[in-house]
There are 2 protein chains.
Amino acid sequence: MSTGSTPEATKRKRLSAAARREVIAAAATEVFAERGYHGASIEEIARRSGVTPPVVYDHFASKQDLYRSLLEAHFADLREVWRINFPGEDPAGERAERSFDAWFAYVEKHPFAGRMLFRDTTGDPEIAAMHAEVAAESRAGVMPLAAAELGVLDLADSATVDTLSMFWEVLRGVLQGLAMWWSERPDIPREQVVAVAMNTLWIGLERVQQGEAWSPGGRPET
Amino acid sequence: MSTGSTPEATKRKRLSAAARREVIAAAATEVFAERGYHGASIEEIARRSGVTPPVVYDHFASKQDLYRSLLEAHFADLREVWRINFPGEDPAGERAERSFDAWFAYVEKHPFAGRMLFRDTTGDPEIAAMHAEVAAESRAGVMPLAAAELGVLDLADSATVDTLSMFWEVLRGVLQGLAMWWSERPDIPREQVVAVAMNTLWIGLERVQQGEAWSPGGRPET
DNA sequence: GAACTAACCTAGTGGAGACTAGGAAACTAC
DNA sequence: GTAGTTTCCTAGTCTCCACTAGGTTAGTTC
């Protein structure tokens, strides 16, 4: 049955537990990215790892456990990107650009990680809750950086928090949307994608900071 | 087994074919929205429709067929929102605001339709392709409206098309992201959501039109 | 109220896939 | 080489779910 003729299955060699775990994690990220949680089968993950399904269970307690550990690892990577690139003394615009660029560089280098995180994990409600929970950790880690920048002081004010939440959602939507689009158009240079993100996100925010915000029914000045 | 004690299943009454089809479509939209394609079971859809699974197959050839027809119907609704609200003689900003407002009003009124369309339908690659195909129809219907507004003439120029594609992706990401966030915060008034969308999307675009775009490495002026 | 039609049901089939028990084979230490 | 350990496999079980065959009952027509 398992032929050994497929490229990924040739030379089925014995690996150390740690090495095999890595291989499985990488393969699982791919499959989850391509098929989502429900659509990914342990059998497929095992095949791409060069082993049979029981081996997967030697390293991960269950499909859920495997999924969760990948989710946490990749989200933690992305949080690091923000933590490393955004804070600093330079003008905020430059730091934003640098962060965006680093963020897109990460998803460029780890296309499957990006697709796995940004796909919506429908199906099992338990999985959806898990995804929401881990994503919330990222939000909690990154949003304060931006909040400080916007001069937001009163994090107890609920209207402020709502507005911040919406801007976070906008940021997330733009970055993830562009990332998914870009993953299918690898010929586009990264600067161009970053420039679009800057144009829509940063410039809009700047205007808001300057009190030039749009308000319902008409512009405040004019 | 099927008790009849649940609210949706009480009074299992005989309906006309057309009426039953509507009931099933509404129930299916709910379940697909909540669980995604894979996670939605025909049995659950049937139960919420007050019937047993075979009845679903009296109205739809297969689960895929059911899904596709819902996808097409809801996307067509949203295209209509743009077609009705965006074109006109008023200033573009006002027409954008009106369109955004109408768009959010639609997802406010049809929360399950929104969630079904904007969730990523992972799992079956065939389903993903179907989703992409139907979404592309919407894009093809709506993007020309915005392109005209931006003064884009040369739709044969590939760089222009790439940029337009990215702005479309940004628009999609922002609107869908805000819509999904909003669906969990029904206390937020619609104007506020629309205002955020205007601030990030329209103002950014306006600047770009005025040649004030951000470019990699620094601002063009200044 | 009998005949007809259309909506609906009971009772299955078949396949896919998560997960497991227990054993075989490879690498390591001596 | 032999013993011990660890990696990996064969061969299942069990549950869930899309989908179907064929019969039943509720409305409708005359």
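Leaving aside neighbours within four places in sequence, which residues is Ala197(B) in contact with? They are Phe100(B), Val174(B), Leu175(B) and Leu178(B). Two residues are in contact if their C-beta atoms, placed from the backbone, lie within 7 Å.

## Model and conventions

This is a predicted model, in which local features need pLDDT of at least 70 and side-chain atom pairs count only at pLDDT 80 or more, while totals for chains, interfaces and linings use all residues. Residues are numbered from 1 along each chain as its sequence is written, and chains are lettered from A and ligands numbered from 1 in the order in which they are written.

pLDDT is the predictor's confidence in each residue, from 0 to 100. Chain A has a mean pLDDT of 84, with 82% of its residues at 70 or more. Residues 1–10 of chain A have pLDDT below 50; this stretch makes eight contacts in the model beyond near neighbours in sequence. Residues 217–222 of chain A are also below 50, with two such contacts.

## Chain A layout

Chain A has nine helices and zero strands. Helices (H or I, at least four residues) and strands (E, at least two) are DSSP runs, numbered from the N terminus. Of the 222 residues in chain A, 35% are buried. A residue is buried if 20 or more other C-beta atoms lie within 10 Å of its own, exposed if 12 or fewer, and partly exposed in between; C-beta atoms are placed from the backbone. Take the contacts in chain A between residues at least 6 apart in sequence: 64% of them join residues at least 24 apart.

Helix α6 of chain A (residues 111–118) is mostly covered, with six of its eight residues buried. Those are Phe112(A), Ala113(A), Gly114(A), Arg115(A), Met116(A) and Leu117(A). Their cover includes α1, α4 (63–85), α5 and α8 of chain A.

## The nonpolar core

The largest nonpolar core holds 45 residues. Such a core is a set of buried Ala, Val, Leu, Ile, Met, Phe, Trp, Tyr and Cys residues joined through C-beta atoms within 7 Å. Val174(A), Leu178(A), Ala197(A), Val174(B), Leu178(B) and Ala197(B) have the most contacts inside this core. Elements giving two or more residues are α5 (92–109), α8 (158–183) and α9 (190–209) of chain A, with α5, α8 (158–182) and α9 (190–209) of chain B.

Helix α5 of chain B has 18 residues (92–109). Its expected span is 1.5 Å times one less than its number of residues.

## Selected residues

Phe167(A) lies in helix α8 of chain A. It is buried because 23 C-beta neighbours lie inside 10 Å. Its C-alpha atom is 37 Å from that of Val23(A), 144 residues away along the chain. Leu171(B) sits in helix α8 of chain B. Leu171(B) has 23 other C-beta atoms within 10 Å, so it is buried. Between the C-alpha atoms of Leu171(B) and Pro54(B) there are 41 Å.

Arg95(A) belongs to helix α5 of chain A. It has 17 C-beta neighbours inside 10 Å and therefore counts as partly exposed. Not counting residues up to four places away in sequence, Arg95(A) touches Phe86(A), Gly88(A) and Asp90(A).

A residue is near a strand if its C-beta atom, placed from the backbone, lies within 6 Å of it. DNA strand D is surrounded by 20 residues, the closest being Ala17(A), Val51(A), Thr52(A), Pro54(A) and Lys63(B). Two or more residues each come from α1 (17–39) and α3 (53–59) of chain A, and from α2 (42–49) and α3 (53–59) of chain B. By class, this surface has nine nonpolar, four polar and seven charged residues. Ala, Val, Leu, Ile, Met, Phe, Trp, Tyr, Cys and Pro count as nonpolar, Asp, Glu, Lys and Arg as charged, and the others, Gly among them, as polar.

DNA strand C also has 20 residues around it; Ile42(A), Lys63(A), Ala17(B), Thr52(B) and Pro54(B) are the closest. Here α2 (42–48) and α3 of chain A, and α1 (17–39) and α3 of chain B, each supply at least two residues. Thr52(B) is in the loop between α2 and α3 of chain B. With 13 other C-beta atoms within 10 Å, Thr52(B) is partly exposed.
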